[in-house]
Amino acid sequence: MPKSPILEKIGKEVIFFDGAMGTLLQDAGLKAGELPERWNVLHPETIRNIHCAYLQAGADIIKSNTFGANGLKYSPEELREVITAAMRLAKEATAQCKRGYVALDIGPTGKLLKPYGDMEFERAVRLFAEVVNIGKAYADCILIETMNDSYETKAAVLAAKENSDLPVFVTNVYGEDGKLMTGADPKAMIAMLEGLRVDAVGMNCSLGPRQMLPLLPVFYEYASLPVIVNPNAGLPREENGKTVYDVDEAQFALLMEEAVSAGASMVGGCCGTTPAFIRRLRETLKDVAPMPVIKREHTLVSSYTHAVEFGEKTVCIGERINPTGKKRFQQALREKDINYVLREGVKQQDEGAQILDVNVGLPDIDEAETLRDVVVRLQGVSDLPLQLDTTAREALAGALRLYNGKAMINSVNGTRESMDAVFPLAVRYGGLIVALTLDEDGIPATAQGRLAVAEKIAAEAAKYGIGKKDLIFDPLAMTVSSDPHAASVTLAALRLLRERGYKSVLGVSNVSFGLPAREAVNAAFFTLAMESGLNAAIINVYSVEMLKAYHAFAALHATDENFKEYIRFATERLPLLSSSAPTAPSRTPAADRIGRTGKEEAEGSPLRRSIVRGLDGEAGALTKSLLQSVPPLEIIDGEIIPALDEVGRGFENKTVFLPQLLMSAEAAKAAFEEIRRFYAAAGTPRKKRCTFVIATVKGDIHDIGKNIVRVLLENYGFDTVDLGKDVPPEEVVRAVEEHHAPLAGLSALMTTTVPAMAETVRLLRERTPWCKIVVGGAVMTAEYADRIGADKYAKDAMETVRYAEEVERALQGRR
Amino acid sequence: MGAIFTRFYDGGALPFDRREALRYFGAPQGVLSPETEELFGTCVQEALAACVYRVCYAEFDIARAGGVLDLGFMKTDSRALFRNLEGCEKAVAFAATVGMGMERLIARYSALSPVRGYAFQAIGAERIETLCNAFNQDIAREYAAAGWYARPRFSCGYGDFPIAAQANFIRALDCTRKIGITLSDGLLMTPSKSVTALIGFSSSPRSEERARSSAVQKTDNADQQTTHVREQCENCLAKDCRFRQEK
């Protein structure tokens, strides 16, 4: 396909965008709250005149008056009408003025995407796709602008790329802190957008040119693409009842000249700029050539807040989200207990992981669905970039699509099948690809052989336009116990990769397989690998030995300024990691415990005390050691439940307040976690109580109260199915049907969502008449619960537990 | 309407009101166990580092026709707002937020540790209220210098002023673009620790008694619009509100 005429021009000369549309429409009489795109139909001549004024002032690219046109604000018919009119007007203007190109202008929907907002990612993609499909016929390019969220930006770019062949330019809104409203910095955006194969990146709106200048060096240094700068005419102030901006045409042009010399090659204006600004800009820059667009070689992955760069200092990738050899983790995946996975993620982040590997592959679960779910929810609780670790193409494709940022892809190898499967996905969604140096002939025995496979993979990737910087090679750490020279081959391969300018990554832990005291071997190998140029390591970040090796290496290599990281590790983390777990009490005969009375009863055993006091670490450790000699059921009935009852009674009597009740609940949860681990290892199914489906109703995104109820129910052994927040009535019904749950709990905080609560109750009554319904939340009252037909209003979590027990007793009585 | 302005506050200018946060935490001061105390302290530190403080606002002229109040960006027949704005010629509409960083902490810990989630929720409520108070004080002082008298601020969901009006505020103040607040279909703001409100201004003062009788009434939306001045509790219709403070 021939290159588009605009792309031909970029880089050779400075390209000029037009200025504001909204500002001029307000001057022409657009009222506050009026939809500007309607003017395409109501006042076509005004719109065309504005376009012409910009073209005559010297703009190369004019933006169609479609910024806010989307299916949320317009009916399908009107959407088509306003966009088609807008594109025609812009095209007519370029014909009339005999110059310029038309950008189909796409602004944000105004809605925030899940998990923080309520719009599904794919719905956003569909909304943008509608605009692209209506507008593309008359467009020379697509400008996605004023985006202040990385996820929505990605949705818009996918819609543009999947529905047209037009060049796609993207500008985001950065605040004075140099970040988007939802947190991404320029490096993160560049990483993601280059991965998505857009044609130019940059910034617009919010700031004036002066405030944008400090951000330009990062753009120019990191982007291999032309950089766009479309600032406001400074900051607004009010003068005689009119909004004026504090930068005039001359200042604007001078500041933009600085921007061009700092690397901007496509310039124009946003709010407050007029044709006069563009004219002055064009005149000022008429003899100025843009800085060259340079192919940058930074290897980056990103999340929705920041990018991680692979360079001199080894990047730590946490390996713990992986079911291999972990029975408890496998159980969690089978039970769809995603929170368990999330906890592993956050814990690794706390221990210093910079990227999280995510592997949820188990033969008996739907890996594609689970991986998507885990990726989305993990991104709701951790801002670390993720490494998607799967051999299933479908699972990879689904997760890459929904990932907010530029992910690491684990992995491709040198086989034809693998490369054919992975590379097209990397081209579509972006990603840094982990490439294993093996192929149809297996793993080469020599370092040279592994390098040869790496070269082969790189050559094949290049055919897709995937450069060296988006490949990171894993020369494979094999176990030394089966081949004593395995480690030296791997280390030699690392050095060869470094010499050729390739990036490298290793899963370190494998090397010691079959040996005692594996951590010692792993840590030594890790140090040697770093010395051989290892750029990233997939490691167990809970291992003190690995962390010691990592921080000591950085300290010795002068990559840790003033030993800041090392000292923090040595003084803050190390003492915690090294201190032994609290010692368990010596075995007390069960009969003794049961027989306690009086003061002893009040104080209880150490485990009981630790739960009452809310010490989760201690409760977990004590349970673990008790399990060596006491049957689990005895611990539950003799220690944990009495502790919970004690706190629960205190709460009911108002001597214990909610925070303490919650802390005890979490400590009990830690104790239960050890018991579940014990059962999982032994392969014993745990004793279950009846199933309780719980949800925050549709339209409501408050889930703290619901989560509190869930934790307490779980502690009392109820099997909870937590549907989350903003749950449609049908979904609650489906879950109750699926589990034949005798109990459902609904939560609502706002009066506006009470109708959704009522509707859910109605539907449950109709379709699952066996199910008892308990409702709660800030707006609920017993009277209201009655009115909407619920069985029970529970004022707090304890009351819900008591009710659940009551229902269970009734059920058992019936049997 | 006039220009929409933004103001960013530095955390240093907004001292943390521990007592208030503990009140939201369901723990009147002095009754926390040492363990809870320690946990709360850690949460406070993490929260303060994550907050940003942003406000956007614009001034509107107020017109009255029949029973309808024209705020310049929306019309309403809310009796409560009528009373609040009695005598006012103009009003400043504002939106404030403590940002997505705080939102992420609440989300992270709600999923992983309800007690921490609850703590961050409480701290966030204190932060946004403190921000609103600071902005309110500043703007009232600036208007006072020009001879204007401020009314107690008034939010959607107070009395009979519907939550649905939230959408008008968000649109009129260009909140999504200016300070990053978005509205869900269920009219909830994200970040959840955000507030929209009106502050009425009159060119002549009101008598103390009138001011008292028209004090703000809060009946709805316990989470987002927790911002109400304490003296107003006694006038509030929500008699069972757990944050209610008797004199």
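Which helix of chain B does B:R127 lie in? Select B:R127 in this predicted model: the residue lies in helix 5 of chain B, which covers residues 114-145. B:R127 is buried, because its relative accessible area is 1% and the cut-off for buried is under 20%.

Now show the surroundings of B:R127. Leaving out residues up to four places away in sequence, B:R127 touches B:L14, B:P15, B:F16 and B:D17, along with B:L48, B:C51, B:Y53 and B:V98. For one of these, B:P15, pick the backbone oxygen: a polar atom of the B:R127 side chain lies 3.1 Å from that oxygen.

Stay in helix 5 of chain B and select B:I139, which is also found there. B:I139 is buried, with a relative accessible area of 1%. Neighbours within four places in sequence aside, its contacts are B:R7, B:Y57, B:V92, B:I199 and B:F201. Next, draw a line between the C-alpha atoms of B:I139 and B:N84: they are 17 Å apart in space, and the two residues are 55 apart in sequence.

Last, go to a place where two chains meet.

Show the side chains here. From helix 14 of chain A come A:N339, A:L342, A:R343, A:V346, A:Q349 and A:D350, and they meet B:R108, B:A111 and B:L112 of helix 4 of chain B. The residues of this contact divide into 4 nonpolar, 2 polar and 3 charged.

Terms used. Residues are numbered from 1 along each chain as its sequence is written. Chains are lettered from A and ligands numbered from 1 in the order in which they are written. This is a predicted model: local features need pLDDT of at least 70, side-chain atom pairs count only at pLDDT 80 or more; totals for chains, interfaces and linings use all residues. Side-chain values use heavy atoms; hydrogens and water are left out. Contact means heavy atoms within 4.5 Å. Helices (H or I, at least four residues) and strands (E, at least two) are DSSP runs, numbered from the N terminus. Ala, Val, Leu, Ile, Met, Phe, Trp, Tyr, Cys and Pro count as nonpolar, Asp, Glu, Lys and Arg as charged, and the others, Gly among them, as polar. Buried means under 20% relative accessible area, exposed over 50%, partly exposed in between (1.4 Å probe, protein chains only). A polar contact is a pair of N or O atoms within 3.5 Å; within protein, one must be able to donate a hydrogen and the other to accept it, and residues adjacent in sequence count only if both atoms are side-chain atoms.
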